[in-house]
Amino acid sequence: MQKNNRTRLHAVLLPLLAAGSLAASAATPPAQPDQPAPVAAAKVAKKDKKAKKPAPARPTLKNPAIDAVKDMAGGLLKSVLGSAAKELLFPSKTIDTEKLLADISANVRKELIASVLDGDSAALTAATTSLNDYETEWRNGADPTTLEARVSADSTINGVNTTLARTGPQGMAEYIAPGLQLYIAAAQIKANRLELRRKLKPSDDAAIRAVLIAHLQTAGAHVRKTMNERRLGTMNQRLGMISDCAVKQKRVHGLPWNLITTYETGYTDSAVQKRQPGSQADGDEGIALARCEGYREPYFDNVRKAQAPVADKDWPATEEVLDKWAQSLDALKNEPGKTARMLRLDFGGMFGIGERSFDNPLTNATSCPAGYTAYEFKGTYNVDWQAFYCGRPTGDGEPVAEFGGMYGRTDHNDGAYAIVNSITGGSSCPAGFTAETVNNQHALSYCYRRHTAGAAVPYLFGGLYSDNGDKKNPLTDAMLCPTGYTPALVHGTRGAGGISSTRRVIMCYAKPKSA
């Protein structure tokens, strides 16, 4: 970076620092583009303590720090869509790293900032400010080729690669989860920097575009994976407070020979001071446990539904950034019929194979519509038959069909009882939907209707998963619904008397925001 630019950058940053100043050594060689910056480049110069004046307080951002990242994500999307010749990629100059880490303890936050950003808690702001200045020069008529060379070699801007390396997929485990928002900000800065270079040097568009696409794909996959791991941790922390059903007491009776053993079972929830319903059976521990599960499973399902919004509450802004990255990827790759967006799973019916096979009414065969993938959600050897649902990850395109929920029956309690459709509150489908049977050991139905082009979708389908098997939700790659979706049990039986359990099925659904 040229001397006059470094002087201007320091003049902008000094009022923003709560303590110290950015003083990267002029003798430090610049980092190579898109490579981690040398550690020394991000160090804060030490000053004589006696001569040090009280540092001005860091100004408080009007909006949360993630809003600045969302603004930049929007600028990137508009730029790659070509809505303006010189779209503003850096509308904000300030990225407050401490606010990006606001959800973790002060001690961990301090350690992470010191370790990841090497003592410079304003490294992301430094890079953003510098890029903002370059963009301003370009918009004011500066030579784009000269500017591109400076942007490519600027050690301050390349410093964000240190953050990406330390908090990204190859980073240290203790930094990845708490450093996710730092990573998102750094990844956004790098993406916009690449887009700026692409605008400044059209002759290198293909090469820079390829780097930008690879970066957005890597960053998006890492952010989604880490976000879902954190959401799942929040969900499981609460669900883990509910114990499994267990035998609490065995009573032998039936005088004079004590021929009868009664198994009394129960479960606990350490989060509430409330006695949970018990159950018992004579002569068979398995039946007693199965009966207990008939009480526990609905209780567990209600807690899971209540916990979902808690697990999701910190992530809507991150989802917005991810969706803007996905839309930018769609525009950059320009592959008609394909999308990187993952707002929902378009529903394409269900089918089964084997002795109890059944056709997909949308294809009249044991298959999925064109462009849809078959995901197995039932199928445990010697327990239940294979069944599949058809899905297509998408944004806001037109689906083949619409999903109206599922419902079934089970026999935990020595007598089948209904697991209702959470959408309707009964063993039924919403008005206008048709019920189709899943040929399984225990009754199970799903609701669908063919989609009318241009019509609003009343319910969003977010996939299925099983929490007592290995069937993950393809949208989250975990036993978890997407952000904003409700999880609801639709099927599953705990086996009694040594019979294996059938696979529990949890559906994910939501109402559109406009509904």
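Modeller: This is a predicted model. Its three strands make an open sheet, ordered E1-E2-E3, with antiparallel pairing. Strand E1 (246–253) and strand E3 (279–282) are the edge strands. On average, neighbouring strands are turned by 20 degrees against each other, direction ignored.

Colleague: Why are E1 and E3 called edge strands?

Modeller: Each of the two pairs on one side only.

Colleague: What makes E1 and strand E2 (residues 260–266) a pair?

Modeller: Pairing requires at least two bridges. E1 and E2 have seven, in the antiparallel sense, so they count as paired. One of the bridges links Val252 to Thr261 in E2.

Colleague: Which helix lies across E1, E2 and E3?

Modeller: Helix H12 (residues 285–312) does, and runs at about 155 degrees to E3.

Colleague: What makes the largest nonpolar core a core?

Modeller: Its members are buried nonpolar residues joined through side-chain atoms within 4.5 Å. This core has 48 residues, and Ile95, Leu124, Ile184, Leu196, Leu216 and Trp325 have the most contacts inside it. Elements giving two or more residues include helix H5 (123–139), helix H10 (180–200) and helix H11 (205–239). H10 gives the largest share, 12 residues. A second, separate core has 30 residues, among them Met406 and Val490.

Colleague: What does Leu196 touch beyond its neighbours within four places in sequence?

Modeller: Its contacts there include Leu89, Phe90, Leu131, Trp138 and Val151.

Terms used. Residues are numbered from 1 along each chain as its sequence is written. This is a predicted model: local features need pLDDT of at least 70, side-chain atom pairs count only at pLDDT 80 or more; totals for chains, interfaces and linings use all residues. Side-chain values use heavy atoms; hydrogens and water are left out. Helices (H or I, at least four residues) and strands (E, at least two) are DSSP runs, numbered from the N terminus. Axes are lines fitted to C-alpha atoms, for helices over the stretch in contact, and angles run from 0 to 180 degrees between N-to-C directions. Contact means heavy atoms within 4.5 Å. Buried means under 20% relative accessible area, exposed over 50%, partly exposed in between (1.4 Å probe, protein chains only).
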